[in-house]
Amino acid sequence: MADDNKPVEPNPTAAAHARPAAPKPPAAPMPDLAGKTTTAASAGGAAARTAAPAARPAAAAATGRDADDSSPLLNRRQWLGLAWGAFSAASAAALAATGRFMFPNVLNEPPQQFKAGLPTEYGMGVDERWKDKFGIWVVRTADDDTVHASGFYALITICTHLGCTPNYLPAENKFKCPCHGSGYHLSGVNFEGPTPRPLERARIVLADDGQILIDKSRHFQQELGQWMDPEAFLKA
Ligand code: FES
């Protein structure tokens with residue numbers, strides 16, 4: 001006979017059946033008809049969209065998005081616009097860089113040949129009007145030491161020592177280089193300082209219109225006997 005007072009052993013199987021049911025996980029998102037995911041929370045939004053179908057095309061037109069596009073990021077059309085903008089900017093930069101090589105640096109040197117006005121515009125002595133622009137002194141003399149005639153010669157304003165530009169010193173009747181002290185007579189012949197040779201003369205002739213024409217592309221050197229060249233001195 002069974003003992004009613006015997007404590008009852010707990011039944012693990014019964015306990016397991018008596019445990020309260022675990023909470024159910026939220027329902028997985030279900031794709032709606034438009035291919036977008038829908039949750040229970042967004043179901044109200046879907047209902048709202050269904051309730052106001054007429055308002056969507058107007059909003060889509062205003063934002064440039066598709067009518068059913070609720071993505072917070074850029075839509076496909078905007079991405080395409082951005083991509084084209086970046087591509088156009090890169091192309092323009094590359095074109096500009098290429099064009100830069102089509103036009104090399106150009107040195108704007110003064111022309112080698114120029115007209116220096118009429119002989120009657122010059123007095124005796126050194127004229128410095130062309131020194132800064134063309135690097136030339138026009139000298140008018142009554143008796144040139146080399147040619148033994150009156151006329152004009154064009155001295156190039158480059159020191160024959162190391163290439164500095166000498167100064168004309170009227171009070172001392174000479175050219176003096178400020179770099180190392182070379183000195184030149186008005187004829188261009190050197191007489192002091194380290195320079196080993198005279199200044200050079202440039203071609204000087206009379207142009208068809210009667211003006212003095214000076215051509216720096218042709219030099220004449222005294223030590224080579226070139227000052228005797230007819231184009232190294234303009235008789236007048
Ligand atoms: S460069 Fe003229 S004296 Fe030296």
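Two strands pair if DSSP finds at least two bridges between them. With that in mind, here is a friendly walk through this predicted model, starting with one such pair.

**The open sheet**

Strands β8 and β9 are joined in the antiparallel sense by two bridges. In one place, Lys176 has Gly183 of β9 as its bridge partner. Both strands belong to an open sheet of four, whose order is β7-β8-β9-β10 with antiparallel pairing. At the edges sit β7 and β10 (190-192), each of which pairs on one side only.

**The cysteines**

The structure holds one disulfide. Cys164 and Cys179 are its two ends, with an S to S distance of 1.9 Å. The link between Cys164 and Cys179 is left-handed, at -95° about the S-S bond. It ties together distant parts of the chain: Cys164 lies in the loop between β6 (151-156) and β7 (167-169), while Cys179 lies in the loop between β8 (174-176) and β9 (183-184), 15 residues apart.

How do the cysteines compare with the accessibility cut-offs? Buried means under 20% relative accessible area and exposed means over 50%, with partly exposed in between. The table sets out four of them.

| Residue | Relative accessibility | Class |
|---|---|---|
| Cys159 | 4% | buried |
| Cys164 | 22% | partly exposed |
| Cys177 | 4% | buried |
| Cys179 | 38% | partly exposed |

Cys164 counts as partly exposed because its relative accessibility is 22%, and Cys179 falls in that class because its value is 38%.

**Strand β11 and its partners**

Is strand β11 (residues 201-206) mostly covered or mostly open? Five of its six residues are buried, so the strand is mostly covered. β11 runs antiparallel to β6, and two bridges join them. Here Ala154 stands opposite Ala202 of β11. With strand β12 (residues 212-220), β11 pairs in the antiparallel sense over six bridges. Leu206 stands opposite Ile212 in β12. β11 and β12 form a hairpin with five residues between them, and Gly210 in the turn has a positive phi of about 90°.

The protein chain has a mean pLDDT of 80, and 66% of its residues reach 70 or more. Over residues 1-5 the pLDDT stays under 50, and the model gives that stretch zero contacts beyond four places in sequence. Residues 12-18 also have pLDDT below 50, with zero contacts in the model beyond near neighbours in sequence. Where pLDDT is low, the predicted coordinates should not be read in detail.

Technical notes:
Residues are numbered from 1 along each chain as its sequence is written. This is a predicted model: local features need pLDDT of at least 70, side-chain atom pairs count only at pLDDT 80 or more; totals for chains, interfaces and linings use all residues. Side-chain values use heavy atoms; hydrogens and water are left out. A disulfide is a pair of cysteine sulfur atoms within 2.5 Å. Buried means under 20% relative accessible area, exposed over 50%, partly exposed in between (1.4 Å probe, protein chains only). pLDDT is the predictor's confidence in each residue, from 0 to 100. Contact means heavy atoms within 4.5 Å.
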